Amino acid sequence: MRAASQNLQVFVRAPYLELHTGPGRGYPVFNVVDRDAAVDVLKRYTDWFKVRGPSGIEGWASAHDMEQTVLADGSHFHYDVGDMNAYTAHRFEAGAFFYGDFGGASAVSLYGAVFANPNLAAELSIGEFLGKASDGNSIDLGLAHIFYPQARLAPFVMLGTGIVHTEPKATLVQPSDRTEQSAYVGGGLRYYLTRRFFLRGEYKEHIIFTNRNQNQQVDEWKFGFAFFF
Amino acid sequence: MEIRLRILLLTLLLGLAGGLSGCATLRHLFGHDTPPPATAPADEGASTDRSAADDGTPPRVIEPEVERRNVKVPRIKSQDIEVGGYLGTLNIEDFGAHRVYGVQVGYHITEDFFLQAEGGRSKGGYTSFETLSSIQLLTDNERWFKYYDMSVGYNFLPGEVFLGRNHAMTSSFYILAGVGATDFGGDSKFTGNFGAGYKVLPTDWLAVHVAVEDRVFNTDLLGVNKLASNLEAHLGLTVFF
């Protein structure tokens with residue numbers, strides 16, 4: 001009784017609910033639950049739900065098929081797999097930049113963002129750059145403003161501050177590592193692919209505040225893959 | 001004579017029957033029915049209606065005393081995150097094949113695609129030159145091969161593995177590719193990685209992986225700039241939650 005109350009219970013409204021052996025369309029259907037029968041929803045893996053039928057048989061049902069079930073109060077079961085509306089307005093997003101160029105050095109980075117509204121987000125990105133002259137890490141914190149968030153291809157601008165840690169690779173003179181504050185402005189494009197995914201490419205111009213005579217300017221180009229939730 | 005006797009006996013019997021008319025079995029026989037029930041309820045109803053009409057208030061209706069139940073929809077547990085470790089062999093170019101161990105974290109976005117980060121370490125041996133000449137090119141500390149990567153993976157060929165006649169486990173092949181960094185020989189290198197693996201899930205939350213990956217970077221450690229290819233084969237165990 002306790003186990004039953006802990007799980008969400010839904011009722012099949014389609015002629016039947018197909019149960020697959022695994023969470024994927026390639027896994028075969030091995031059983032069905034009849035119309036009007038109650039099923040317990042045990043867990044979710046990506047767009048698949050593990051359910052327990054009235055006879056105790058457990059299997060995986062797709063989110064698409066689960067949309068055909070109803071809750072105890074008669075309302076339809078709904079699971080958001082992501083669409084253009086969710087792309088336009090969401091709370092969090094995260095991504096990885098698989099191509100990066102930080103002042104001539106190859107760069108790898110990750111980012112996460114929290115949205116205040118569909119246009120404005122606070123972003124944090126961390127990265128590592130590996131070049132011939134120097135290696136290092138960078139952390140950026142800033143704001144991004146997205147123009148036309150409802151468009152599939154949406155431009156955005158960025159403004160923020162960060163910290164750059166540089167380890168020069170000189171063989172003759174051994175300069176010491178340095179950690180400096182930076183500021184950046186930038187812009188980019190987001191392109192919605194499908195469901196919860198989009199591509200993101202961006203350019204940032206960093207000004208690194210050094211204690212030498214001149215501040216250092218670094219151009220950074222990044223291209224990556226992101227998703228929202 | 002006989003007829004007279006019969007009449008007498010019958011008359012006696014009738015007389016007795018009249019005297020025993022209280023007997024239950026004979027009541028109906030003589031029309032001693034119970035009086036019809038009083039029409040009291042109908043009268044009461046009429047009087048109530050009358051009084052209600054006099055007060056000018058609407059008639060009383062039954063008020064439901066059932067509280068509306070607030071149905072709390074339980075949260076469905078998700079299992080999109082995969083965390084685990086692995087142990088295997090890494091062939092560090094020019095420095096021999098050695099044991100490698102590491103950790104991996106994955107996030108499954110759809111049934112097809114996932115993101116995965118790996119971090120591992122191994123320790124290189126000696127090059128042939130070092131073995132023959134007994135000259136050390138690297139310090140002991142520089143022989144540590146430490147790497148991390150982040151990759152995009154794609155699951156394909158989903159299937160099932162059968163253990164005897166009663167146990168079936170889901171399985172899948174996957175390919176992945178990504179970028180990262182490698183720390184070896186006193187230098188950090190931008191590293192590309194690509195590979196393929198096979199995973200079997202004994203339960204929904206546990207996976208056994210067998211994977212082969214190549215980690216490629218540019219190096220000039222031995223004097224010439226070249227693309228070093230470092231093949232790794234490992235056995236991993238991960239938990240979904």
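**Reading chain B and its partner**

Author: Gladly! Chain B has a mean pLDDT of 82, with 78% of its residues at 70 or more. Below 50, however, are residues 21-27 of chain B, a stretch with six contacts in the model beyond near neighbours in sequence. Residues 38-53 of chain B also stay under 50, and here the model has two contacts beyond four places in sequence.

Reader: How should I treat stretches like these?

Author: Where pLDDT is low, the predicted coordinates should not be read in detail. For the complex, the predictor gives an ipTM of 0.84 and a pTM of 0.77.

Reader: How many helices and strands does chain B have?

Author: Chain B has four helices and nine strands. Along the sequence their pattern runs α-α-α-β-β-β-β-α-β-β-β-β-β. Of the contacts in chain B with a separation of 6 or more, 52% join residues 24 or more positions apart. As for burial, 26% of the 241 residues of chain B count as buried.

Reader: Which strand of chain A pairs with E1(B), and is the sense parallel or antiparallel?

Author: Strand E4 (residues 38-45) of chain A pairs with E1(B) in the parallel sense, over two bridges. Look for A:Arg44, which stands opposite B:Ser78 in E1(B).

Reader: What should I know about nonpolar cores?

Author: In soluble globular proteins, nonpolar side chains tend to be buried together. Here the largest nonpolar core has 31 residues, and A:Val108 and B:Ala181 have the most contacts inside it. Elements giving two or more residues to this core include strand E9 (105-115) of chain A and strand E2 (81-92) of chain B. E5(B) gives the most to this core, with four residues.

Reader: Which residues are in contact with B:Ala181, leaving aside its neighbours within four places in sequence?

Author: Among them are A:Val108, A:Glu128 and A:Leu130 from chain A, and B:Tyr147, B:Tyr148 and B:Phe190 from chain B. Apart from this core lies another, of 15 residues, including A:Val10, A:Val12, A:Val39 and A:Tyr45.

Definitions and conventions:
Residues are numbered from 1 along each chain as its sequence is written. Chains are lettered from A and ligands numbered from 1 in the order in which they are written. This is a predicted model: local features need pLDDT of at least 70, side-chain atom pairs count only at pLDDT 80 or more; totals for chains, interfaces and linings use all residues. Two strands pair if DSSP finds at least two bridges between them. A nonpolar core is a set of buried Ala, Val, Leu, Ile, Met, Phe, Trp, Tyr and Cys residues joined through C-beta atoms within 7 Å. A residue is buried if 20 or more other C-beta atoms lie within 10 Å of its own, exposed if 12 or fewer, and partly exposed in between; C-beta atoms are placed from the backbone. Two residues are in contact if their C-beta atoms, placed from the backbone, lie within 7 Å. pLDDT is the predictor's confidence in each residue, from 0 to 100.
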